[in-house]
Amino acid sequence: MGFDEAFNYKEEHDLGSALKRYFLQGIDIYFDNVGGHMLDEVILHMKVHGWIALCGMISQYNIEKPEGVHNMFSLIMKWIEMKGFVENNFGHLYPELVELCIKYLHEGKLVYVEDIAQGLENAPFALVGIFYGCNVGKQVVCIVKE
């Protein structure tokens, strides 16, 4: 998928060891949509002047007592910038994004992966599978083949 390194956080028993193993020099940029313990551990492995983009907290959505982030002092000491955002903050840029994405698709610079479930009867399984990491890429349900 074009990343330098990646791993499934759900398959790692020791996140700190995994981060050290895959990112020997530390992490420059982290795009977080997991939150919780994963975010807390990543903060410890960020490089000085690192940047963390927060766009979701999937690990926190369905739990009774949300986990806190305990390593905030590292943000100060390493001059790390952490900022939250949601896509609707950038709606005014959507036409420009579509134009750029079409160009990149044609040039082969933008590649996507779809996980296609066949038939409406498989839609519930496809939806639930998203929350368990069963899909790779964009989950799609094909209702009828043309």
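Residues are numbered from 1 along each chain as its sequence is written, and side-chain values use heavy atoms, with hydrogens and water left out. Because the model is predicted, local features need pLDDT of at least 70 and side-chain atom pairs count only at pLDDT 80 or more, while totals for chains, interfaces and linings use all residues.

**The whole chain**

The C-alpha trace spans about 55 × 35 × 30 Å along its principal axes. If you colour by accessibility, 25% of the 146 residues count as buried, where buried means under 20% relative accessible area, exposed means over 50%, and partly exposed lies in between (1.4 Å probe, protein chains only). Among contacts between residues at least 6 apart in sequence, 49% join residues at least 24 apart, a contact being heavy atoms within 4.5 Å.

**Helices α1 and α2**

Next select residues 15-22, which form helix α1, together with residues 36-44, which form helix α2. Two packed helices are described by the angle between their axes and the distance between the axes. Here the angle is about 50 degrees and the axes are 10 Å apart; the axes are lines fitted to C-alpha atoms over the stretch in contact, and angles run from 0 to 180 degrees between N-to-C directions. The two helices, α1 and α2, are therefore oblique to each other, given that angles under 35 degrees count as roughly parallel, over 145 as roughly antiparallel, 65 to 115 as roughly perpendicular and the rest as oblique. The crossing of α1 and α2 is right-handed, meaning that the near helix is turned clockwise from the far one by less than a right angle.

Now show the side chains at this contact: on the α1 side they belong to L15, G16 and L19, and these meet H37, M38, E41 and V42 of α2. The residues of this contact divide into four nonpolar, two polar and one charged, with Ala, Val, Leu, Ile, Met, Phe, Trp, Tyr, Cys and Pro counted as nonpolar, Asp, Glu, Lys and Arg as charged, and the others, Gly among them, as polar.

**Salt bridges**

Side chains of opposite charge can pair when their charged atoms come close. The count for this model comes to four salt bridges, each being a side-chain nitrogen of Lys or Arg within 4 Å of a carboxyl oxygen of Asp or Glu.

Select D28 and K47, whose side chains meet in a salt bridge at 3.4 Å, N to O. This pair links distant parts of the chain, since D28 lies in strand β1 (residues 27-32) and K47 in strand β2 (residues 46-54), 19 residues apart. D28 is partly exposed at a relative accessible area of 45%, and K47 is also partly exposed, at 27%.

Move on to helix α4 (residues 94-107), in which K103 and E107 are four residues apart and therefore separated by about one helical turn. K103 forms a salt bridge with E107, with the closest N and O atoms 3.7 Å apart. K103 is partly exposed at 42% relative accessible area, as is E107 at 41%.

Return to strand β2 and select H49, which has a positive phi of about 65 degrees although it is not a glycine. H49 counts as exposed, at 52% relative accessibility.

Then select W79 in the loop between α3 and β3 (81-84), where phi is near 55 degrees, again a positive value in a residue other than glycine. W79 counts as exposed, at 61% relative accessibility.

Finish at I76 in helix α3 (residues 73-77), which counts as exposed at 55% relative accessibility. From I76, draw a distance to F23: the two are 53 residues apart in sequence and 21 Å apart in space, C-alpha to C-alpha.
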